[in-house]
Amino acid sequence: MVAPWHHLTPRRAPQQHSSASGSECGTSSLLPMTDFIKYKNWYRMEGADDKDHFRDLELIRERCSARNKNRGRNGEEAGGTRPMPVCVIKGHTNDVTSVDFSGRSLLATGSLDKSVRVYKWQIGDKFVEVSYSPLLGHTYGVNSVNFSPFGSKLASASIDGSTIIWDVKSGERLCSLLPASEAAVRVCAFSPNSALLATGGDDDMAGIWDVSTLSLLRRMCGDESTVTSLSFTPDSCYLATGSSGGELRVWDARYGHSVPLAVKAEAHDLGVSSIHFSPSIGKENTGTLGKQYLLASGGQDTELHLWVVEIGSQVLGGDSTPSITLHHSLQGHCAPIMSVRFSANGSFLASASGDKTVRLWDPIKQIPLGVLEGHKRYVTSCAFSDDGVLVAAGSGDRVVNVWRVDGATTGGQSSTSTTDTVRKLHVRFPSHRLRENTRVIDWNCEDVCEWLVEQGLAEYSHNFRSHVIDGRELLSVTDDVLENKLGVDALGHRNKILRLIHRCQESQTKKEASNEPPSEFLCPITQELICDPVLCADGFTYERVAMEAWLASGKRTSPMTNEKLAHLVLTPNRTLRTLIQKYREDNI
């Protein structure tokens with residue numbers, strides 16, 4: 001029987017320490033996977049032989065499997081005590097105004113001290129400042145920092161009126177974007193396809209720039225109020241802006257329209273502070289059925305709102321006019337909300353506030369998940385790492401705190417919650433693609449009616465609705481029921497409906513039979529679906545935590561080939577991660 005990991009024994013007691021970069025990492029009396037990695041210098045595998053390659057693989061596999069089953073347990077075992085930051089970064093000499101992640105490997109911070117600092121993640125959730133940091137080029141305070149989706153560029157917006165794009169690899173300044181007004185720039189954001197960069201500021205206008213040509217494509221003017229926030233939809237088609245006057249506006253990001261597609265006046269009484277679109281809703285191309293997006297906004301009125309932004313919907317003869325509709329308000333903060341951010345998979349929403357806290361929410365269930373404390377002054381910004389494991393926040397106390405999400409949420413959501421989120425979503429935000437990914441038996445009455453419309457049988461949707469025919473009832477209808485109860489008199493239409501029902505059942509059966517994930521999606525060590533894929537020097541992709549444990553145990557060979565590794569750098573495999581996320585949404 002394989003020995004459990006409690007056979008790890010200390011060589012000497014670990015002491016708290018601070019890195020040279022100004023980051024401080026907390027300790028714990030427990031010894032979960034993260035602490036084993038963090039204190040790898042003090043632990044060894046008792047009785048383990050370096051040549052026993054497969055035995056060590058089994059040890060790591062066993063521990064990783066247990067960790068996946070008990071994710072979130074740390075937060076529950078704490079007995080309600082507040083979650084502590086795993087890392088505290090001190091480097092700025094003035095208020096930290098903005099933070100942003102690139103993957104989990106890089107963290108950028110902007111400050112009123114005119115600098116941008118970049119930190120690199122290390123094993124044990126430590127952050128060490130990179131060699132070219134700080135980035136100096138602004139003459140006044142920095143208001144916003146944002147990595148490009150592919151992580152090759154970093155944009156920073158400043159009170160001096162400029163937006164600088166930096167090369168992430170070298171730290172060199174690639175260009176400075178200067179609008180004609182030279183007014184302070186409050187916010188900047190790359191589009192998800194990395195082709196566009198949007199800026200907004202005190203000139204009451206938002207601008208969209210072409211990243212490849214560095215040319216200003218268009219400027220959009222709302223009312224006479226500062227553009228305080230902006231966010232692209234996940235498909236990069238539209239841009240939403242929030243202003244100090246309290247208005248939300250949605251613009252077409254692809255074409256040169258100077259008139260907003262939709263406006264929501266008085267979205268927040270005292271002004272909009274921050275907005276962000278959910279990255280997981282609205283990615284699909286739904287064709288003539290239009291698109292729906294989920295937008296979060298925070299304001300000076302202490303309110304956190306969730307909005308449904310609908311563009312061009314024609315479902316069941318509905319109004320095709322773009323709209324911004326309030327879906328839900330989340331209560332908890334007692335001071336202005338200064339930043340809102342979704343996680344990359346849309347499972348979590350973070351809000352940072354002047355009440356010195358960051359709150360985590362489930363945006364679908366609309367429930368609070370945890371409160372992160374530790375800052376001594378107002379919290380200006382927050383951001384999730386791409387894998388959703390870490391959340392960072394900057395504050396007026398000049399400090400950046402980093403927490404682990406699994407230790408901060410009371411619910412202990414697992415990585416599979418993304419799929420549950422998407423499935424529950426269609427009840428409130430009906431979408432053609434989301435219904436296709438749901439079993440027929442789980443359709444509600446509106447799903448059935450939409451399906452009839454798409455099949456050219458819209459004249460029967462009223463009868464189906466009046467008889468409350470949902471997916472379960474649809475599967476049991478017969479020719480007699482269609483003719484005598486649901487008013488489908490035409491024999492051809494009855495046969496068509498029955499054929500379509502049979503086809504849907506066959507399609508669902510085939511889909512469930514092919515649910516086995518491709519071998520490329522499984523970690524060679526854990527043999528489980530990868531959550532955070534990293535590419536190793538041996539050319540294989542592994543689960544990050546499993547490979548980190550392998551290296552932390554002192555191994556310098558490939559888990560697959562047992563050959564010596566050329567280097568120990570773990571590179572995020574973003575392409576595979578996107579494919580796995582798509583597989584999860586479609587199949588799990």
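This is a guided tour of the predicted model, stop by stop.

**Before you start**

The model is predicted, so local features need pLDDT of at least 70 and side-chain atom pairs count only at pLDDT 80 or more, while totals for chains, interfaces and linings use all residues. Residues are numbered from 1 along each chain as its sequence is written, and side-chain values use heavy atoms, with hydrogens and water left out.

**Whole chain**

Show the cartoon. The chain has 13 helices and 35 strands. Helices (H or I, at least four residues) and strands (E, at least two) are DSSP runs, numbered from the N terminus. Of the 588 residues, 53% are buried. Buried means under 20% relative accessible area, exposed over 50%, and partly exposed in between (1.4 Å probe, protein chains only).

**Stop 1: the largest nonpolar core**

Select Ile-60, Ile-525 and Met-547. Among the 22 residues of the largest nonpolar core, these three touch the most other members. Such a core is a set of buried Ala, Val, Leu, Ile, Met, Phe, Trp, Tyr and Cys residues joined through side-chain atoms within 4.5 Å. Helix 2 (53-69), helix 12 (544-552) and helix 13 (574-587) each supply at least two residues of this core. Helix 12 gives the largest share, 6 residues.

For a second, separate core, select Val-448, Leu-482, Leu-486 and Ile-497; they are among its 17 residues.

**Stop 2: helix 12**

Now select 544-552. Why is helix 12 largely enclosed by the rest of the structure? Because 9 of its 9 residues are buried. They include Arg-544, Glu-548 and Trp-550. Step past the end to Gly-554, which follows helix 12 and has a positive phi, near 100 degrees.

**Stop 3: salt bridges**

The whole structure has 16 salt bridges. Each is a side-chain nitrogen of Lys or Arg within 4 Å of a carboxyl oxygen of Asp or Glu.

- Select Arg-104 and Asp-387. Their side chains meet at 2.7 Å, N to O. Arg-104 lies in the loop between strand 5 (96-102) and strand 6 (106-111), and Asp-387 in the loop between strand 30 (379-384) and strand 31 (390-395), so the pair ties together parts 283 residues apart in sequence. Both residues are buried.
- Select Asp-125 and Arg-404. This salt bridge spans 2.8 Å, N to O. Asp-125 sits in the loop between strand 7 (115-122) and strand 8 (126-129), with Arg-404 in strand 32 (residues 399-404), 279 residues apart. Asp-125 is buried at 4% relative accessible area, and Arg-404 counts as buried at 11%.
- Select Asp-203 and Arg-219. Their closest N and O atoms are 2.5 Å apart. Arg-219 is partly exposed, with a relative accessible area of 28%.

**Stop 4: Asp-210**

Asp-210 is in strand 16 (residues 205-210).

**Stop 5: two cysteines**

Finish at Cys-445 and Cys-449. The structure holds 0 disulfides, a disulfide being a pair of cysteine sulfur atoms within 2.5 Å. The sulfur of Cys-445 is 4.3 Å from that of Cys-449, its closest cysteine sulfur, too far for a bond. Cys-445 is buried at 14% relative accessible area, and Cys-449 at 0%.
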